[in-house]
Amino acid sequence: MPPASLLSLEPLSILLLVLVVGIALAVLPYAHRSLRGDRHGVGVTVAIGGMLAATDLIALAAQPWLVALAWSAATIATLVALRLGGGAAAVRRAAPWLVVGDLALWAAVAAIATGGRTDLAAVLLVVAAGIRCAAPPAHGWLVDSLHAPTPVSSALHGGIVNGGGILLISQFALLQQSPLALGLLGLLAAVAVVAGTIGALVRTDVKGRLVLSTVAQMGFMLLCIALGLTAAAALHLVAHGFYKSALFLGSSDGIDRRAADRRAPAVIRLSPAGRRGRMLVGALPAVLALVVTALALYPGGRGLPEALLLLVMAAAIATAGYRAALAARTLPHALVVGALAAGAATAFAAVTSALTGLLALPSFVDSAAGGGVVPLVLAVLALSALAAVAALRGLAPTGRLALRILALGHCLGGSGAGRAPRTGAARPARTARSLDPIGASA
Amino acid sequence: MTTLLPTTARILRARADAEIAANVIAPYYGLDAAIAVNPVLPSLREGMPAALRSAAPALGARGSAGESWYRAQLDGGRISTAELAAAIRAQLASVRGAGGAAMVADTADAALVERFLATSPHEALEAGDPTAPDEIDEQLTRWCRAALAPEAAAWPVPVDELGFYGAWRAVASVDPRMPRSARRRIEEAPAAADAALAAALEATGLPAGDRADALRRELARTPGWTAYVRWRAQTSGDVEVVDLLAVRLTLRVALEMPLPEAPTDARVVRDALGLDAVERALVWQAALEARVHERLLSRVRTAPADETPPAPSAHLVFCIDVRSEGIRRHLEAQGPYATSGFAGFFGIAAEVEPLAASAASAALPVLLSPRYRVSERPVPGAWRGARSLVDRLAAGRAWRSALKAPDSVAGAPLGWAEMTGWLWGPVAASRSILAGAATRGGRADDPVGGPATLFDVDSALSVEDQLATAEVILRTMGMTTPDAPLIVLVGHGSTTTNNAYRTALDCGACGGHRGAPNARIAAAILNSEAVRAGLAARGIEIPAETVFLAAEHDTVSDAITIVDSSALPAERRGELEALLADAVRAAEELQAERAAELPGARTGAGGSRLERRGRDWAQVYPEWGLARNAAIVIGPRSRTAGVDLERRAFLHSYDAEADVDGQALETILTAPLVVAHWINAQYYFSAVDPEVLGAGSKTVHNLVGGAGVLTGPRGDLRIGLPWQSIGTRAGLHHEPLRLLAVVDAPLERIDGIIQRADIVADLVHGDWVVLVAPGTEPGTWVRRTRDGWAPYSLTISTSAAEAAVNPDEKEAA
């Protein structure tokens, strides 16, 4: 086969190349320096390189079998990095889940190659992608990966987990022929969005919060695919990859930020009316700017899926805007904040619209029929559930239902009782000490 | 029987048992202001051997390095046969009295060591049977994670409303993952923590006499969270050990998991010489310490140097911190500078409130409590600068608040990641590639370019109090006749980024904060005319031209920055410029010395640029902190001036002749010595058991608010120091050694203080520190043990000590 058909250099693969190279530039030098004290530091750094290289190949591969090959290479590199950096505890759940994902993908490739059986191939693809994206019930492997060092997490959340999204976007032509697969995808994604969001809200440990937030983000990205918003999914995947990998690398700065907050002047107490005013000043201009720019420039359709997407973006910019406005020292400062947020929203909407046009990704062939009503209903349900959770927190934070959700949120990620190595009085064994030369077989 | 007791009595009883059980571990101070502490502090009085025998194993930890590690030191030549033989003889003499010593008196060193090594090396002081964490530990640590740092969650568990135990009861009784019967039992448990504990204890059917021990074992299963709860109980008081135990025991009863049986006492195994595991460890430990003690003591003079140094052009007062030794040595080599050592809070037991800050910080040793609050204010006329500072700080907070938007509203992060991700990518890549180059210095909470400020001492302290403070400072420092026109009080701090353990590198005497504010306050008091007039009346004459300045030593870059020179007349700026120029040269020399030890640091000419490491977000070794600390020298600088103590010694200035009533020495032995021991013990235990008493590798740390870190996604809170504070890939950088305390004072005076002050007696009699004083003959030393003073024999020749120890591996990595 000529090499030209092995790899493809479409706008999407170029965008993904930018992502992976950017992540590599951030993670590899970081890993080299920060793992200087860890025994397997060099091995882990090399494995991270392998993870990112394999992700790159997934993005560039034009043939299903090459995608699967790169995918399995990524799995192997990930498991090596987890095992070297985090010991047995890091791979105990990751290995079975990831291997199942690989098997599903290879089976899908085989189904595609033999032709026919579209439903089967599409469902297998969705299974592979759901596991890779840590959608519940597979989220446990990503939680356990925290046993491995920070740069491994950074590469995982910036690179590996995106594999699921890349796969489904590139195979969207197949996927959209199967309402069953789209429905399953919508279900996995909706559960991931809700569960991940609740988990991230209640966790107090910084890395646990980041992991569960990734579960929610990947769920949102998969939901976009289920709704046919493939370009939005691709853009989300890339931006989130940068976002999450950077947050992991900086995850030790919590003490700095707490000190900075103590150093900052006390927040001025506002009257309820003043509060409302501030929130309006911070949020409204940004939301208006976002909506107007998007309506004017967005190259996609103007249907319900797009409206939901716009709603999510508006919620984000509104929250950021009102929080900054509340923290601003005076009303003029708050007005400046509102103007800045509006500017940022305009820029974001314009750039996103432009990139969406450039990507020129396929959506549903017949956008009126779409992928059926199921994903749409699930998406609406998921977003309503998020709104309900937010309302519940405000209205009855210690009510029975709220406490039940709290309890569930804290249980996400599983227990690992009797399995994970522990550092308490009765930890399993000193064989677990990966660094300590004392007592190691000297 | 106890069931017949009235309820109140039963509850009080449960509380008392919990209090006794809590003594299984020392409080852990968290990371907002990290404080070094001996993890087995409650067992201080029983002494180090007893701690190795019971306190450390009770935590599932070991109190000394493993036999195999010690043997490796012997094989590697770090411990010599002669040193080991001497330690064996000393141990036999102390265990078996004169008979024990006589038993092996005729045996040659080599033969003795052979007999010592012949015994099969069982791992000394290993914890009992390691048992896997059970369901109870899992649920308890998960609850601790949620409830002890609620401020870190966007949606916290309701501890503020219901308390630690009450909130757990509320959440657990609706937890769908609990068995229905367990949920019912939890719902029926008493609403108050102490009553619940009493009820659960009764349900276990344990005899009253065994309860405290059983609770102790329960707490020891999660030493980290227990230690943190102890600290919270002492400070904010919003959670107590009773709460922790109430959750634990109620859970046991609800899940029908009975308390584990008490472990049976292990049979004591003795080696060919009749030594048990603890005694063997003490032998090895003494042998390991011998060479370092020899090396340091051979350098410290027992009498003043012969020639008197020229009058200094400036006198710099540094913190006793071991890192000050290096900068003092290099600075003194640059010119006519005198230096002395003093606790880095300079006697200012204050709560410090930075300009416009929303919170004050207690900048003083944790042994003391703050007596006043001093606020930073802009100098008259600087209001414009002050306002711009406030605006900048508020803008920073607004920015952080916006960035944290995902935390506040369910669903907001979905879009937020997409909006901000495009900015994070380039930022992260440039931070990783530039590695601290081309970025601005300073920490997020140290705003640069603020207005000129002063600390408002007069509002905080009356002139009488200022006078009393000034007198204590000068007398304890032994500076009753200031000898230089310029006296610089140098605090210290560490500038690092993305470092959860950053406050562990700051000044412990300032409560885990930077030292500059305390230095500024002390200088302001000592410059005050009213104070100086009062001091003169009390016999301390400060010449009018003497000026006190405040400065700060950054321990990452070794740069000394003058933070307050307002008292210096403009025409005398030249003196300061000359001093600062010399300080820059001293810093360069010290950087080169330190770079040889730091993993991945560039060595060689042209400056090592260590300050870049502090700004690198990937740097896990910004500096070595107090690693390799081994001794404290309490005496005049003339005893140690000009010699290289390798940044291993705390130096506290003390002039025995000026301190006739022994008041200053008592202060030093009861405070700075204790603090030095805490630090020494923290490093020691973190090094001998990095898994339980140390915090493990920084790279897998997972911060929980300001409480501390977990390793990975769950489990116990980690106490102690991270691996990157004590070792490298090649092995330990910090040698676990007990503190050598060199006290240059009359023996009777030391004895008197040991008699009066229990804390000093505990340290000396308990073998936690090796306290020596100059002997009658020049060059000899005497050691104080619980049996009194005895010559401290140094087994090897000085030249051998000079030559032999340099385990400093330059890490290639």
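Which residues have the most contacts inside the largest nonpolar core? In this predicted model, the largest nonpolar core has 426 residues, and those with the most contacts inside it are L125(A), A135(A), L222(A), L223(A) and A316(A) from chain A together with L197(B) and L489(B) from chain B. The largest share of this core is contributed by α11(A), with 15 residues. In soluble globular proteins, nonpolar side chains tend to be buried together. For A135(A), when its neighbours within four places in sequence are left aside, the residues in contact are G130(A), L188(A), A189(A), V191(A), A192(A), V215(A), M218(A), G219(A) and L222(A); L222(A), listed here as a contact of A135(A), is itself among the residues with the most contacts inside the core.

In chain B, a positive phi of about 70 degrees is found at R628(B), which is not a glycine either. R628(B) lies in the loop between α22 (611-615) and β10 (631-634) of chain B, and it counts as buried because 21 C-beta neighbours fall inside 10 Å.

Chain A is divided by the domain assignment into domain 1 (7-250) and domain 2 (266-371), whose C-alpha centres lie 28 Å apart. The contact between these domains takes 19 residues from domain 1 of chain A and 16 residues from domain 2 of chain A. On the side of domain 1 of chain A that touches domain 2 of chain A, at least two residues each are supplied by α2 (11-34), α10 (172-175), α11 (179-202), α12 (206-226) and α13 (230-249) of chain A, and α13(A) gives the most, with five residues. By class, the residues on this side of domain 1 of chain A comprise 16 nonpolar and three polar, with no charged residues.

Chain B contains 28 helices and 19 strands. Its radius of gyration is 28 Å, close to the 28 Å that the globule rule gives for 813 residues, so chain B is as compact as a globular protein of that length. The C-alpha trace of chain B spans about 80 × 80 × 55 Å along its principal axes, and buried residues make up 57% of the 813 residues in the chain. Of the contacts in chain B with a separation of 6 or more, 72% are accounted for by residues 24 or more positions apart.

The contact between the two chains takes 128 residues from chain B and 113 residues from chain A. Helix α16 (residues 412-434) of chain B gives the most to the side of chain B that touches chain A, contributing 18 residues. That side of chain B has 68 nonpolar, 35 polar and 25 charged residues, whereas the side of domain 1 of chain A that touches domain 2 of chain A has no charged residues.

Terms used: Residues are numbered from 1 along each chain as its sequence is written. Chains are lettered from A and ligands numbered from 1 in the order in which they are written. Two residues are in contact if their C-beta atoms, placed from the backbone, lie within 7 Å. Helices (H or I, at least four residues) and strands (E, at least two) are DSSP runs, numbered from the N terminus. Ala, Val, Leu, Ile, Met, Phe, Trp, Tyr, Cys and Pro count as nonpolar, Asp, Glu, Lys and Arg as charged, and the others, Gly among them, as polar. Domain bounds come from an automatic or database domain assignment. A residue is buried if 20 or more other C-beta atoms lie within 10 Å of its own, exposed if 12 or fewer, and partly exposed in between; C-beta atoms are placed from the backbone. The radius of gyration is taken over C-alpha atoms; the globule rule is 2.2 Å times the number of residues to the power 0.38. A nonpolar core is a set of buried Ala, Val, Leu, Ile, Met, Phe, Trp, Tyr and Cys residues joined through C-beta atoms within 7 Å.
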